[in-house]
Amino acid sequence: MKHPPLTSLGLSSACDVAIIGGGPAGSTAAALLAERGHRVILFDKARHPRFHIGESLLPANMPLFEKLGVADAVKAIGMEKWGAEFVSPWHDHTQSFEFAEAMDKSMPMAYQVRRAEFDEILIRNASRKNARVVEGCQVQDVEFLPDNAGVLVQARHDDGSAETVRARFLLDASGRDTFLANRFKAKRRNKKHASAAIYAHFAGAERHPGKAAGNITIFWFDHGWFWFIPLADGATSVGAVTWPYYLKTRGERSLEQFFNQTIAQCAPLSERLRHARLISPVEATGNYSYVCDRSHGNNYLLLGDAYAFIDPVFSSGVMLAMQSAFVGADTVDTCLRDPRKAAKALRKFDATMRIGPKAFSWFIYRVTNPTMRDMFMGPRNIFRVKEALLSVLAGDIFGTTPIRGPLLLFKALYYGTSLLNFRRTVQAWKMRKHNIQGADTTGAAAD
Ligand SMILES: Cc1cc2nc3c(=O)[nH]c(=O)nc-3n(C[C@H](O)[C@H](O)[C@H](O)COP(=O)(O)OP(=O)(O)OC[C@H]3O[C@@H](n4cnc5c(N)ncnc54)[C@H](O)[C@@H]3O)c2cc1C
């Protein structure tokens with residue numbers, strides 16, 4: 001549909017920074033910028049609390065909560081997560097990792113959260129810090145003004161009324177809606193990692209005793225992997241991330257039937273769900289890894305999932321979204337207060353945005369490979385390799401923790417072992433090629 005130019009519309013208000021989206025990225029950036037005295041308007045098309053998938057957080061989130069002033073509020077709703085467990089049908093044991101064994105011993109735990117509660121804490125925090133938060137209001141169009149004069153943002157409230165705001169800077173934190181990237185055709189689907197997820201909440205799932213009760217469990221199975229995330233109120237989030245070819249086999253089955261029959265293929269997970277019952281609708285999302293070909297432009301930044309989305313096997317999404325908001329807020333602050341330093345700040349922002357997808361993707365591409373699975377299921381701490389791996393799993397990839405050397409060694413060990421098992425490696429490579437085919441042709445994830 002062709003819109004009239006926004007310049008012809010009446011302005012409702014003006015601000016320094018307009019933000020599209022009140023998930024972890026947008027709400028974090030709004031709070032930080034408002035705290036520094038910028039006039040911030042944040043639009044979210046939803047009203048909070050609202051459901052969102054992505055409930056397992058990382059230890060690297062914890063210092064960010066402290067800085068935002070929400071640590072106590074998150075603690076009150078969170079289930080303590082001290083580590084992760086991997087269960088493999090190709091190994092005779094399970095493997096547990098504790099974050100306390102990572103290189104930096106100061107971040108031993110994280111939380112599992114209901115995102116409705118967690119995201120509400122963050123968005124209310126933004127309001128408290130004096131950002132203007134407008135819920136039930138969808139940004140529909142933006143127009144960048146000539147001569148770096150800022151941007152006009154047109155939004156529509158639930159009641160149908162329109163609002164047009166002039167901002168000096170725009171942050172796109174619209175998540176997987178990728179508002180700006182869609183407009184700029186800047187979104188690049190990741191052909192190397194096509195998959196889809198089916199998920200729901202259960203009551204009565206079996207938990208581990210004691211401190212491990214809140215740990216995430218990852219179960220590998222023939223067609224991908226499952227997550228098992230215990231939440232504080234007794235519910236458990238369970239999801240399957242599968243290859244596209246598998247979703248094509250759904251046929252006429254309802255999503256719920258398909259999900260139950262998928263779970264039945266993983267005996268150790270079925271065992272933990274023996275007495276459990278479904279307490280939410282089964283939902284699905286398809287074919288979802290991507291990265292944008294730019295992280296910023298004149299007067300705008302892309303934050304969180306609006307810039308990149310990677311497979312959730314390492315629970316990295318919320319941490320990367322919040323981290324991008326911290327760096328993004330510094331960048332916008334510099335651009336607005338001292339435009340002479342803008343170019344340098346934007347370069348630094350861009351470099352930081354690339355760190356997360358790169359660090360996690362190397363593992364994600366290989367996590368279903370037999371060599372990698374062996375290394376996860378039997379980790380050894382030669383030259384602190386296991387500690388470095390745990391630091392990545394904890395999300396400790398942006399600071400000064402010296403993980404680089406041990407990770408290089410880990411990668412060398414991976415390639416060396418792959419070569420030693422040449423036949424198995426080639427077979428796995430062929431299988432992976434087959435698995436990722438047909439990613440765009442399945443409609444099975446959509447219900
Ligand atoms: C199946 C699955 C499992 C996952 N598991 C995990 C996990 O265990 N741990 C983890 O850390 N991450 C996980 N993630 C990823 C995580 O959910 C995201 O990375 C995270 O939510 C990104 O935050 P964000 O703020 O960038 O976007 P979002 O949280 O998606 O927030 C975007 C917001 O923008 C709003 N919005 C969108 N368009 C507009 C518009 N035009 N106008 C106004 N508002 C708009 C939306 O309403 C939404 O509130 C998972 C993701 C998937 C798909």
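Which residues does Glu85 touch, not counting residues up to four places away in sequence? I looked this up first.

**Basis.** I worked from a predicted model, where local features need pLDDT of at least 70, side-chain atom pairs count only at pLDDT 80 or more, and totals for chains, interfaces and linings use all residues. Residues are numbered from 1 along each chain as its sequence is written, and side-chain values use heavy atoms, with hydrogens and water left out.

**Glu85.** I found that Glu85 touches Thr94, Gln95, Ser96, His208, Ile216, Thr217, Ile218 and Arg272, where contact means heavy atoms within 4.5 Å. Glu85 lies in strand β4, residues 83-87; strands are DSSP runs of E, at least two residues, and helices are runs of H or I, at least four, numbered from the N terminus. I noted that Glu85 is buried, with a relative accessible area of 7% (buried means under 20%, with a 1.4 Å probe and protein chains only). Its side chain makes polar contacts with the side chains of Thr217, at 2.8 Å, and Arg272, at 3.5 Å. A polar contact is a pair of N or O atoms within 3.5 Å; within protein, one must be able to donate a hydrogen and the other to accept it, and residues adjacent in sequence count only if both atoms are side-chain atoms.

**Ligand.** I then checked the ligand. Of the 37 residues around the ligand, Asp44, His52, Ser56, Arg115 and Val318 come nearest (near means a heavy atom within 4 Å). A polar side-chain atom of Asp305 is 2.8 Å from a ligand oxygen atom. For polar backbone atoms, I noted 2.8 Å from Val318 to an oxygen atom of the ligand and 3.3 Å from Ser315 to an oxygen atom of the ligand.

Key. Buried < 20%, exposed > 50% of the residue type's maximum accessible area, 1.4 Å probe, protein only.
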